[in-house]
2 protein chains.
Amino acid sequence: MTLSPTPRSTIKRGKKRAVTERSALHEVLDAGLVCHLAVVVDGAPVVLPTGYGRDGDTLYLHGSTGARTLREAEGGVPVSVAVTLLDGIVYARSLFNHSMNYRCAVVHGTAVPVLDPETKTHALKVLTEHLSPGSWDYARQPTARELAATAVLALDLTEASVKIRSGPPGDDDEDVAESTAWAGVLPIRTSYGEPEPCPRLTGDTALPEHVSGRR
Amino acid sequence: MTLSPTPRSTIKRGKKRAVTERSALHEVLDAGLVCHLAVVVDGAPVVLPTGYGRDGDTLYLHGSTGARTLREAEGGVPVSVAVTLLDGIVYARSLFNHSMNYRCAVVHGTAVPVLDPETKTHALKVLTEHLSPGSWDYARQPTARELAATAVLALDLTEASVKIRSGPPGDDDEDVAESTAWAGVLPIRTSYGEPEPCPRLTGDTALPEHVSGRR
């Protein structure tokens, strides 16, 4: 299945970097941790980072960090969501061809609030398992009051685009022939450090495998 | 110097996480590599990742990855720019208090195109030295044609906000007393891997210190 070819999701710049497989969209969304959500407020754009989770071709967006943005969206307003993963700094022989290696998914659509309690609980499970796989069945479940205090939006993934740059610098042949400069890629690695226990933990609480084993 | 208190840059949610020092804004912007730029196109928001660099209280934005967005902005249109750094996954005793540790800067303003060649060259130096410190004096300088093919926007940092979450989970006292669950933070580390030389390099090109020594 390929991604949609609407005008705004058709990549006009850097077409060689566009990827049209829906599986690539899913992979980028599943690999990220935070998205950037843009809405229009009083005619001006507002962008904020927020948590998300994917269930099939539905993206659920979390409300706690962007309440103003999400209130604007509650009527079902247009949003744009980007998830970007940085893979490396591309050092070229020319400054012009310096670049980054990255994977980026951009979704356009109308975000609608998730209000039905059963769907909302499902959405929160999707969001939680994206942020912290294994936590849903481990930590204390949300109370009715906590559920009410949480805003969740649903966004259909129909209209989306994926752009990926990978590999060495794309220098001009002339620069390759004439330059004495080093060129290549400095990879960017993201990893998890040693878990830092909460100072309020009692001494005998074991670190669970879903935290210690996270890669 | 503190950040501006306009309505849209005044943080309404999570005030305890708001930081009002201008130095904090500079630190977050200087620590990031990519920003998310939002503009309004035909009444709908569009968000895209792009490179940037800071010079004092001016943010320069790079054009090559967001030409459509930047064309919209050339008249000097409203933009919103976010830079987000993820520092850790916050595992709480309750699902409700699961969170992330992060540093985020959001800038609102009117982006204007940088057209004057001298200013544009300066802006490209700022952008290059942000992406790859040391490259400006090392790699081949842009030609007039390359300069013309590059779009650069300038955005004033006057109207901006910074939000930072750090430290352990903020569980309710009741959960701390009653829960047997582990709680704490799984730090997220970003680092550089081994440089990967361009396959078209000739054998005797030394890896320069500005790449090998980058941390």
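Predicted model: local features only at pLDDT ≥ 70, side-chain atom pairs only at ≥ 80, totals over all residues.
Two strands are taken to pair where DSSP finds at least two bridges between them.

## The interface of chain A and chain B

The contact involves 92 residues of chain A and 92 residues of chain B. About 7,700 Å² is buried between the two chains, and carbon and sulfur atoms account for 65% of that area. On the side of chain B, Pro45(B), Leu95(B) and Trp182(B) supply 11% of the area that this chain buries against chain A, more than any other three residues.

Polar and charged interactions also cross the interface. The rule finds 29 residue pairs in polar contact there, with both residues at pLDDT 80 or more. By class, the side of chain B that touches chain A comprises 53 nonpolar, 22 polar and 17 charged residues. The number of salt bridges found between the chains is 4. A salt bridge links the side chains of Arg140(A) and Asp175(B), with an N to O distance of 2.6 Å.

## Strand pairing within the chains

In chain A, strand S3 (residues 44–55) and strand S4 (residues 58–62) form a hairpin with 2 residues between the strands, where Gly56(A) adopts a positive phi near 65°. S4(A) also pairs with strand S8 of chain A (residues 152–156). In chain B, S8(B) has two pairings: one with strand S4 (residues 58–62), and another with strand S7 (residues 112–113). The table lists these antiparallel pairings.

| Strand pair | Bridges |
|---|---|
| S3(A) and S4(A) | 4 bridges |
| S4(A) and S8(A) | 5 bridges |
| S4(B) and S8(B) | 5 bridges |
| S7(B) and S8(B) | 2 bridges |

Tyr52(A) stands opposite Leu61(A) in S4(A), and Tyr60(A) stands opposite Ala154(A) in S8(A). In chain B, Leu59(B) faces Leu155(B) in S8(B) as its opposite residue, while Val112(B) stands opposite Ala154(B) in that strand.

## The setting of S8(B)

Is strand S8 of chain B (residues 152–156) largely enclosed or largely open? Of its 5 residues, 4 are buried, so S8(B) is largely enclosed by the rest of the structure. Here a residue is called buried when its relative accessible area is under 20%.

Note on methods
Residues numbered from 1 in each chain as written. Chains lettered and ligands numbered in written order. Heavy atoms only, no water. Contact = heavy atoms within 4.5 Å. Buried area = accessible area lost by both parts, 1.4 Å probe. Polar contact = N/O pair within 3.5 Å; in protein donor to acceptor, adjacent residues only side chain to side chain. Nonpolar A, V, L, I, M, F, W, Y, C, P; charged D, E, K, R; others polar. Buried < 20%, exposed > 50% of the residue type's maximum accessible area, 1.4 Å probe, protein only.
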